[in-house]
Amino acid sequence: MTETKSNDSESNANTQQQSGTKNDSSKGPESIYTVPLLKLIKEAQQQHGLRHGDYQRYRTYCSSRLHRLRKVLHFPQGDRKGFKKREVTLDNLKDEKFIYLPLIQAERAWGYAMQLKQESNTEPRKKFHLIARLRKAVSHTIHLEYICQSPLCDARTKLEAQAYSAWMQGTLCFELQEWKQASEKLVLSQTIYEKLASALNEDEQILYKQRVEELNPNLRYCAYNIGDSSAQQDLLNMRSKGGKSELDVLIAQTREKQAASLLEVTWRGRTVPVRLEKIRVFLLAFQALDSSLGKANDFDAKLSGYETILLDCKEAIQSLKEDLAAVAKTKVDVQSPQLGSQQYLLSYLTFLRATLTIDRNLVMVEVFKKNFAAYQSGESKKVAKPQEGVKLYEAMVQLSGELQVLQGIETDKKFQNDLELLVKVFKAFRCYYMALTCQGNRQWAEALALYQRAETYINQTEGKKLGDSEFTKYSRVGQDLVHLRSLVNSGKCAAHAQNILGVEDINAAMSGLSVRSKKSLSLRLDEFVEDVSLTTATPNVIKLPPTMVPVPCKPLFFDLALNHINFPSLAENMENKKSTGAGITGFVKGLWGWGGKK
C-alpha cells in the first residue's frame, strides 16, 4: 500500500518559532537562501562544453553569465570613467543571486586552468599560468565560503560552500604536489559530500555520490605519494572524525528542512520525494477519495467523484512528464542500478490512474448490469445492449495489461501474479458478453465458442485469491465468477441447441405458430397451447354433441388353412349297412324322422 508523509504541522511550528524569533530580534534575517552549488555547477558544465571537454567554451559562458548577473543585480564594477572593483559582502547580500557571483568567478578561473592544463602537455611554460588561475579560483571559493556563513544562508548552502572550497584548495595542492595538504582538503570535501548525500532525497543523492567517486583516484594517488601507512590511516581517521560536531549540526538542520519542505510517498517499500505542487494536490485529493465516495448517494455521484480525481491525476502525470523532459536535457549522465525516484513516482501515478479507471469502470458495470437485467425482463424500455459490457471489460483488460509492463515492478512476482489473475477474471466476463452479442446476431457457433472460452478462464481462476494488498479490493469481482459460471452453462446449452437445430431465423419460425387454437382440449392432449378459455365459464374441453364418426362393419373371417389340411380316414370305424329297397315309404320315413325303430 501507499503511505504519504507531510510535516506540515512541524513546518508550521518551525515557521511560528522563526516568526517569534524575528519579532524578538529586529536584526534577524528576512529570508533563508538555499543554493545547491554542486547541482548548479554540474548542470552548467554539462550544458556548456564540458560534456565534450571544451573548457574554453565553458570559460566563455562563465564570463557572459557574470556580465548578465551584474547587470540584473545592478552591481557593476565601475562606470564609463573607469573600472572599480566591487566584491560581494555580507552587507549587500540582498538576493541569493549575489552568491552566484563568487561561484561563477571561481568556475571561470578553474575552467581557464583546466584549459591551460590541456595545453601544457605541449607547452610546459603554461604550467605557471595554470597555477596562477587555480590560486585565483581558490581565493574566490574562500570568499564564497565566507559569504555563505551568513545567517541568510541555510545549513545546506554552508555545507556546499565548505565542500566546494575544500575541493578547490585540494585541487591546487594536488597540482603543486603538496600531497598531504591535498589529501586533507580532498578528504574533508569528500566527507561533507557523503554527509550531504545521506541527508538529501534519493533524486539529489546521485550527484553527490558521483562527486565522492570522482575524488577517490586523487586520494589514492596522494596516499601513494605520501608513502606512509600511518599517514594513510590518519587520513582515514580524519575522514571519519574531521569536523564531526559542526558537520552533524549542519546535516541535522539540512534533514529537518528537507523533511519540512518535501512530501514523501512510500509505495511497495520504496520512498520517493514529491516536489511538484500539482502532484501534492492530487495526492491529498486521493487520500480523501474514500470519504467522499462514502458520502455519495447514487452511482452518478460516485462517477462524478472518479472523473474529478482522474482529471487531477492526468494533470499530475503531465506535469511530472514535462519536468522529467526538462531535467533530461540538463541532467548529468549518471548510471544508476535502479529506476530514478521521479521515474518511480511516475510509475506510481500511472498505477493510480489505471486502478482508479478500473474502479470507475466497475461502478459503470454495476449500472449496466442493472439496466440490462431490467431490459431483458421487460421492466424498462431503455435499451441496454451487451456490447456496453464488452467495452467496459475490454478497457479493464487493457489497463491491467499496462500495469504488467509498468517500470519498477517487473520483478515483483506477487504483484504480477495477482495482475495475471485479475486479467483472466476480466476476460471471462468479456467473453460472456461477447457471446451474448453473437447470440443476438444469431451467430450460434461463435457464441458457443465464446461461452467455452469464458468457462476456460473461470476454471483457470477457480480456487485462487488476490493476495497483494493493492488488489484485495477486487476480491468481490472474483466472487461473482460463481454466478457467471451458471450463466455461462445455461447460455452454452442454448447456443449448442440452436447450433444443432440450424434455425437461421427463430422469429420467422415462431411466427407460424398460433397461440390460440380452435381444437378442444380432448383433441390436443399431446400438445401444449396456452388457451385462456380453459379458465373461463365456457371452457373448450369437448365438443357437444360429438361429431358423427363412421363405424366400421363386422369383420369377416375366412379359414384359409382348412384347404391345406389332410384329415385322417375314418372308414374302418364306420358300420357297413346294406341298402334295402323300401320304396317310397322308406324314403318318407327317413326324411321326416318317423317310421323308424324306437
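Predicted model: local features only at pLDDT ≥ 70, side-chain atom pairs only at ≥ 80, totals over all residues.
The protein comprises 598 residues, of which 37% count as buried. Its secondary structure consists of 21 helices and three strands. Among the contacts with a separation of 6 or more, 70% are accounted for by residues 24 or more positions apart. The accessible surface amounts to about 37,100 Å², and carbon and sulfur atoms contribute 53% of this area.

Isoleucine 542 is placed in the loop between α20 (506-511) and α21 (583-592). Its relative accessibility is 51%, and isoleucine 542 therefore counts as exposed, the cut-off being over 50%.

Helix α5 covers residues 126-148. With 23 residues at 1.5 Å a residue, α5 should span 33 Å, and the distance of 33 Å between its end C-alpha atoms agrees with this expectation. The buried residues of α5 are Leu130, Ile131, Leu134, Ala137, Val138, His140, Thr141, Leu144, Ile147 and Cys148. These buried residues pack against three helices, namely α2 (37-47), α4 (100-119) and α6 (155-175).

In one, the side chains of lysine 117 and glutamate 175 meet with an N to O distance of 2.8 Å. Because lysine 117 belongs to helix α4 and glutamate 175 to helix α6, the pair ties together parts that are 58 residues apart in sequence. The two partners fall into separate accessibility classes: lysine 117 is partly exposed, with a relative accessible area of 35%, whereas glutamate 175, at 9% relative accessibility, counts as buried. In the other, lysine 126 forms a salt bridge with glutamate 119, and the closest N and O atoms are 2.6 Å apart. Lysine 126 has a relative accessible area of 23% and is partly exposed. Glutamate 119 also counts as partly exposed, at 25% relative accessibility.

A further salt bridge is formed between the side chains of arginine 430 and glutamate 394, at 2.6 Å from N to O. Arginine 430 is located in helix α16 (residues 413-440) and glutamate 394 in helix α15 (residues 386-404), so this pair ties together parts that are 36 residues apart in sequence. Arginine 430 is buried, its relative accessible area being 15%, while glutamate 394 counts as partly exposed at 27% relative accessibility.

Salt bridges that share partners also join Lys42, Arg211 and Glu214 into one network. Lysine 42 is situated in helix α2, one of the helices against which the buried residues of α5 pack. With a relative accessible area of 8%, lysine 42 falls under the 20% cut-off and is therefore buried. The side chain of lysine 42 makes a polar contact of 3.3 Å with the side chain of glutamate 214. For the protein, the count of salt bridges comes to 17.

Notes:
Residues numbered from 1 in each chain as written. Heavy atoms only, no water. Helix = DSSP H or I, 4+ residues; strand = E, 2+ residues; numbered from the N terminus. Buried < 20%, exposed > 50% of the residue type's maximum accessible area, 1.4 Å probe, protein only. Contact = heavy atoms within 4.5 Å. Areas by Shrake-Rupley, 256 points an atom, 1.4 Å probe, with all protein chains shown as cover. Expected span 1.5 Å × (residues − 1). Salt bridge = Lys/Arg side-chain N within 4 Å of Asp/Glu carboxyl O. Polar contact = N/O pair within 3.5 Å; in protein donor to acceptor, adjacent residues only side chain to side chain.
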